Amino acid sequence: MTTVLVIFHVLICLGLIVSILLQSGKGSDLGAAFGGSSQTIFGSTGAVPFLNKLTTSVAIAFMITSLTLAFFAARASAPKSSIMEGKARTSQEQPVQTGGQGATSQEPASSPSETQK
């Protein structure tokens, strides 16, 4: 099931790439105004509405297959038991001593301006 979904996801990715690359840029209408080629195959508005709908539907399919693959991957990698199961508890022999050399002195450190006076 996962293999079929991955293959379908790759095909959707390729379709998304193709549908985005087929769309014309924003500056292409200016070229048609000065005698450029007209897009009469798709009608007077060109392929813009068709390619927008195609790109939207392929993008939705991409999101659905991505979420489905992530769900299957999370379920497959979920641990059935703990790795610490069956391990003996260890106790610490001596408590960790906190504080360093400065912790034994109770006097506040003098500021550099007081030492110069």
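Predicted model: local features only at pLDDT ≥ 70, side-chain atom pairs only at ≥ 80, totals over all residues.

Colleague: How do you know that the length of helix α1 agrees with its number of residues?

Modeller: Helix α1 covers residues 2-22, which is 21 residues. At 1.5 Å a residue they should span 30 Å, and the end C-alpha atoms are 30 Å apart, so the two values agree.

Colleague: Which residues of α1 are buried?

Modeller: They are Leu 5, His 9, Ile 12, Leu 16 and Ser 19. Seen down the axis of α1, these buried residues fall within an arc of 90°, so they line one face of the helix. On the other side, Thr 3, Ile 7, Leu 11, Leu 21 and Leu 22 are exposed.

Colleague: What covers the buried residues of α1?

Modeller: The cover includes α3, residues 48-77. Thr 55 has its place in that helix, α3.

Colleague: Why is Thr 55 called buried?

Modeller: Buried means under 20% relative accessible area. Thr 55 has 14% relative accessibility, so Thr 55 counts as buried.

Colleague: What makes the pairing of the Thr 55 and Ser 19 side chains a polar contact?

Modeller: The cut-off for such a pair of N or O atoms is within 3.5 Å. The side chains of Thr 55 and Ser 19 make their polar contact at 3.4 Å. A polar atom of the Thr 55 side chain also lies 2.7 Å from the backbone oxygen of Leu 51.

Colleague: Leaving aside neighbours within four places in sequence, which residues is Thr 55 in contact with?

Modeller: Thr 55 is then in contact with Leu 16, Ser 19, Ile 20 and Gln 23.

Terms used
Residues numbered from 1 in each chain as written. Heavy atoms only, no water. Helix = DSSP H or I, 4+ residues; strand = E, 2+ residues; numbered from the N terminus. Expected span 1.5 Å × (residues − 1). Buried < 20%, exposed > 50% of the residue type's maximum accessible area, 1.4 Å probe, protein only. Arc of directions from axis to C-beta. Contact = heavy atoms within 4.5 Å. Polar contact = N/O pair within 3.5 Å; in protein donor to acceptor, adjacent residues only side chain to side chain.
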